[in-house]
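Please find below a colleague's note for your review.

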Amino acid sequence: MSQRELEVTCPRAWESIGPAAGCPGPLGGPVAACGMSRLLGGTLERVCKAVLLLCLLHFLVAVILYFDVYAQHLAFFSRFSARGPARALHPAASSSTNCSRPNATAPSSGLPEAPSARPGPTAPVLPPCPDSPPGLGLIPATVLPAVGRLLIEFTSPMPLERVQRENPGVLLGGRYTPPDCTPAQTVAVIIPFRHREHHLRYWLHYLHPILRRQRLRYGIYVINQHGEDTFNRAKLLNVGFLEALKEDATYNCFIFSDVDLVPMDDRNLYRCGDQPRHFAIAMDKFGFRLPYAGYFGGVSGLNKSQFLRINGFPNEYWGWGGEDDDIFNRFTKIQNTKLTMKRDGIGSVRYQVLEVSRQPLFTNITVDIGRPPSWPPRG
């Protein structure tokens, strides 16, 4: 059968099926193929709609979960900052305080209850500082390991600006706290002073790095005697003890140091012990020997209770010398010294503070300690 005969034989069938099904013209394919295409098109359309609905549903679920987690996140950190880390780590203990009844008693969680804290971030708990801090024995400004001996020289120019740049962690007033550990002691270093600016710059240059490497929490106090009367080292040390405690009552170790003495080994730890300590047991000007038995001058250290037990330093020694022997005698409880120790010391010191100046590397306290008596000074 020819093409023309096919068109004549099936005109009505073509007109009723082909155009309605959207099939091509009379020269197109068979009627059965047109019906199958229509079926597949409808199915594909329904599948696309279903996929679109699933995508929309997935998006809505994701949005709901996001806001739910975000709200829980905010609530967690709100409890953390309001009640401290101990409660935030135990949600049951934290949420139990959010009772609708103000006076309701919360059930016990079985854990020790953390003390309440003021709102705000809490500082992390640092470990104790080691007894033998690492890094001692390093030459300043280098990374070369040494045996602890330091190269000490006093010929290079030493402006305070340089010393300040070398010690960026030191705060105003000469205060320093280790950033990585908690020291067992708080040390006040007290220097009796007058007209020794040259020595003071070198002392700060060497001692600040040493004390920092020793992981000390410390403050530097320069007690400057006003006027030109006879110098009284011991009385200035008593003043330094009292003034340091006025600024920080947590000081429990006191290092009394002359401004011209620098340790030659950074393992000479500036700390207090069970007994009073003498740090200058060998000095270069004495051939690295003590000038005599019982010498306790130069640099010494006492904790607060030891200093108060001996009533501090004597106030009656005007001029250099004598007070060190008196201090040694107070420790050994020599009978004659015991008689004067009760009436002459920290309990009887009289002075007037003229100025307190907190410098970048130290606290300068200028004081009037009076004038020596008319009789010849002791010592």
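Predicted model: local features only at pLDDT ≥ 70, side-chain atom pairs only at ≥ 80, totals over all residues.

1. Residues are numbered from 1 along each chain as its sequence is written, and side-chain values use heavy atoms, with hydrogens and water left out.

2. The largest nonpolar core has 33 residues, and W203 and I220 have the most contacts inside it; such a core is a set of buried Ala, Val, Leu, Ile, Met, Phe, Trp, Tyr and Cys residues joined through side-chain atoms within 4.5 Å. At least two residues of this core come from each of β1 (186–193), α7, β2 and β3 (253–257), and the largest share, 7 residues, is that of α7. Helices (H or I, at least four residues) and strands (E, at least two) are DSSP runs, numbered from the N terminus.

3. A second, separate core of 26 residues has I190, A244, F307 and I369 among its members.

4. N224 lies in strand β2 (residues 217–225) and is buried, at a relative accessible area of 17%, where buried means under 20% relative accessible area (1.4 Å probe, protein chains only). Leaving aside neighbours within four places in sequence, N224 is in contact with F193, R194, N364, I365, T366 and V367, contact meaning heavy atoms within 4.5 Å.

5. R215, in the loop between α7 (197–213) and β2, has a positive phi near 55 degrees. N311, in the loop between α9 (304–309) and α10 (323–332), has a positive phi near 65 degrees and is buried, with a relative accessible area of 13%.

Conventions:
Buried < 20%, exposed > 50% of the residue type's maximum accessible area, 1.4 Å probe, protein only.
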